[in-house]
Structures are given as structure tokens and as C-alpha cells.
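Hi,

Here is the model for you to look at. My notes on it follow below.

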Amino acid sequence: MKIRRKTIMMTSILIMVLIWGFIIFTNVSSAMEGLDLFIFTLIILIAVIALIQALKTDKDEKAGLPADDELSTRIKYKSGYYAFLVSMYMWLFIFLFNDKFPDNETMLGGGILLSALISFIAKYAVTHKFNE
């Protein structure tokens with residue numbers, strides 16, 4: 001039985017929203033502000049981007065397009081290379097300014113989320129400007 005990517009993405013988003021709802025309910029006394037609000041917004045943004053990509057991939061598969069070819073593989077490698085380079089500099093700045101973060105968990109979580117966002121941005125940039 002083939003489980004569609006759209007179903008998996010929707011289930012993942014629902015689980016993520018339920019977890020965040022539980023966290024917010026248990027910490028009603030501390031309102032989300034500052035860095036927590038930024039991280040929450042970043043999580044929602046990454047989830048929306050992943051959902052849009054999954055829907056586009058499903059649409060392409062229904063149209064009969066191949067899932068991977070030489071060009072898409074080269075785009076993945078090139079965007080991964082750029083995302084890795086930018087992420088290294090991002091982690092450097094995170095560790096230089098680690099006193100600005102309230103705790104290590106927030107620093108690590110924010111860095112991982114920013115790395116994911118950088119990956120999406122690099123793939124978008126490489127896809128639209130591949131041969132320039």
C-alpha cells in the first residue's frame with residue numbers, strides 16, 4: 001500500500017501543531033516573545049515550504065514526470081554545497097554570539113532550523129539560476 005507524500009506531510013504538520021499546542025498550554029505563564037516567537041514562526045515557515053514541495057512533487061508524479069533525473073541530481077548537489085557553506089558561517093556566528101541566547105537548547109534548535117531554512121533557500125536559488 002502506497003502512502004502518499006501529501007498524507008505524510010499533513011500528518012507531520014498536525015503532530016507538530018499538537019506538540020506546540022501542548023508546550024504552550026503547559027507554559028501558559030510564560031508568553032511567547034522574542035526568540036521563542038521567531039523559532040515558532042520559522043518552524044511554521046519550514047513546514048509550509050515542505051508541504052508546498054511535497055504537493056508539487058505529487059503533481060509532477062501524476063503528470064508522468066520522473067522523480068529524479070540528471071539535472072535534478074546536479075541541482076541537489078549544487079544546492080547542498082551552497083547550503084553547507086552558508087551553514088558553516090551561520091554556525092560560526094551562532095557560536096560567536098552564544099551569549100545572546102537564553103540557553104543551549106534554544107541555540108541548538110535555532111541553528112538547526114536556520115540550517116533547514118538555508119537549505120530551502122539554496123535549493124530555490126540554484127533551481128532558478130542554475131546555469132547563470
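The lining of the largest pocket splits into 14 nonpolar, eight charged and five polar residues (Ala, Val, Leu, Ile, Met, Phe, Trp, Tyr, Cys and Pro are nonpolar; Asp, Glu, Lys and Arg are charged; the others, Gly among them, are polar). This is a predicted model, where local features need pLDDT of at least 70 and side-chain atom pairs count only at pLDDT 80 or more, while totals for chains, interfaces and linings use all residues. Residues are numbered from 1 along each chain as its sequence is written, and side-chain values use heavy atoms, with hydrogens and water left out.

Back to the pocket: its volume is about 900 Å³ (the space filled by probe spheres set on grid points, which are joined across faces, edges and corners). Of its 27 lining residues, Gln-53, Lys-56, Thr-57, Asp-60 and Lys-123 are the closest to the centre. For the cut-offs: on a 1 Å grid over the protein atoms alone, a pocket is an open set of points where a 1.4 Å probe fits, with protein on both sides within 12 Å along at least five of seven lines, and lining residues have an atom within 4 Å of a point.

H2 (35–62) gives the most to the lining, nine residues, and H1, H3 and H4 (104–128) each supply at least two (helices are DSSP runs of H or I, at least four residues, numbered from the N terminus). The pocket lies between domain 1 (1–67) and domain 2 (68–132), because both give residues to its lining; the domain bounds come from an automatic or database assignment.

Cheers
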